[in-house]
Every structure is written in C-alpha cells, then in structure tokens.
Amino acid sequence: MILIDNGHGYNTAGKRSPVWSDGTQLLEWQFNRKVARELSAQLFDRNIPNCLVVPEDYDIPLNHRIERINMLCKKYDDCRLISIHANAGGGTGWEIFTSKGETQSDAWATQFIHHAERLLPFPVRKDYSDGDPDKEAGFYLLKHSHCPAVLTENLFMDREEDCRYLMSEEGVRKVVEVHLGGGWK
Ligand SMILES: [Zn+2]
C-alpha cells in the first residue's frame with residue numbers, strides 16, 4: 001500500500017515560485033497535488049494499491065497527517081509513504097530525504113535516485129556522508145511514520161529553469177515517472 005502525501009495547501013503562506021516575466025507562477029500545493037494524483041492514477045493502472053493521504057486542497061497539519069498515515073499503517077500490511085514537495089531557497093536539481101539513521105527507507109530512496117538520474121535533465125543532489133546517496137533530516141513525517149518513508153524535493157521552484165520544467169507537461173510526466181520507479185513490485 002503506497003501512501004501518497006502532498007505537502008501544503010492553498011491556505012499555506014509562501015511556498016510558491018516568484019512571478020516570472022510572462023506572469024506565470026507555480027504554487028507548490030498545486031504542483032504537489034498534480035504529481036500525487038497522477039502518480040495515484042498510474043499506480044492503480046498497474047494494480048498497485050495506493051491512497052492519497054490528503055485528498056483535500058487545503059493544508060492538513062502534520063500531526064493530523066501522521067495520524068492518518070499511522071492509522072493506514074495499522075490497517076494495511078507493508079505500507080510505504082511518499083511525501084511530494086518542490087524545493088526553494090537557492091539551488092537546482094532533485095533530492096530525496098529519509099529519516100536519520102539506517103532504515104529500510106534508505107535502500108528504497110536509492111531506487112528513486114537511480115530513476116531521477118536517468119529521467120531528469122537536472123542534477124540529483126546526493127549526500128554520501130552516511131554511506132548512502134539520500135539526504136537525511138528530522139522531517140516530521142519521516143520521523144513519526146510507522147512505515148518506510150521518503151520525501152522528494154522535486155527541483156527548485158525559485159529557479160526559473162527548474163520551475164519552468166515543473167510547470168511543463170513534460171516535467172510533471174517525468175517527475176511522476178521518477179516516483180513510479182520506486183520499485184515496490
Ligand atoms: Zn514543500
């Protein structure tokens with residue numbers, strides 16, 4: 001059972017790209033949901049059970065999201081969680097996070113990384129300091145979920161080249177494909 005989380009909601013302050021010269025702008029909550037919904041549909045096409053943790057457009061606070069997640073973990077065997085985001089703060093490329101320490105999530109994250117390297121025309125940002133290529137952080141959902149969990153930061157919405165890719169059909173398709181490469185077969 002793949003649990004798909006989309007970060008933020010229309011009521012979240014910030015979490016958006018600059019307005020570009022042609023007036024376009026990416027809102028992270030919208031992008032995250034677009035990827036999450038397409039990923040969910042494509043998993044169902046492959047007969048892989050999955051569930052959108054936050055089907056709502058508004059933001060569900062992290063403590064409520066983790067309650068939903070851990071309830072589903074209790075209900076279904078072999079759950080895995082993917083939280084989908086777009087990055088900001090200066091940089092370029094794609095990265096994936098797991099919780100700190102060596103867990104089942106690390107090997108899973110490495111599979112995503114292979115697909116991101118193959119599919120995306122942007123660098124994959126890696127951290128080998130702990131012996132594996134994913135980044136590790138004490139993010140709330142990663143820390144508190146009862147199942148293996150990864151969080152993807154899909155390019156930098158505050159860098160125009162990254163952002164334009166995320167706003168393109170091709171970009172969304174490729175980002176979904178990276179997540180489909182998670183290898184849960
Ligand atoms: Zn985010």
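Two strands pair if DSSP finds at least two bridges between them; strands (E, at least two residues) and helices (H or I, at least four) are DSSP runs, numbered from the N terminus.

Strand 5 runs parallel to strand 4 (residues 94-98), and 2 bridges join them. In this pair, phenylalanine 97 stands opposite lysine 135.

Residues are numbered from 1 along each chain as its sequence is written. As the model is predicted, local features need pLDDT of at least 70 and side-chain atom pairs count only at pLDDT 80 or more, while totals for chains, interfaces and linings use all residues; side-chain values use heavy atoms, without hydrogens and water.

I turn now to helix 5. Which residues of helix 5 are buried? In helix 5 (residues 160-167) they are Asp162, Cys163, Tyr165 and Leu166, where buried means under 20% relative accessible area with a 1.4 Å probe, protein chains only. Seen down the helix axis, these buried residues fall within an arc of 160°, so they line one face of helix 5; the arc is that of the directions from the axis to the C-beta atoms. Their cover includes helix 1 (28-45), strand 3 (80-87) and helix 6 (169-180).

Finally, Tyr165, Leu166 and Met167 in helix 5 meet residues of helix 6, among them Glu169 and Val172, contact meaning heavy atoms within 4.5 Å.

Notes. Buried means under 20% relative accessible area, exposed over 50%, partly exposed in between (1.4 Å probe, protein chains only).
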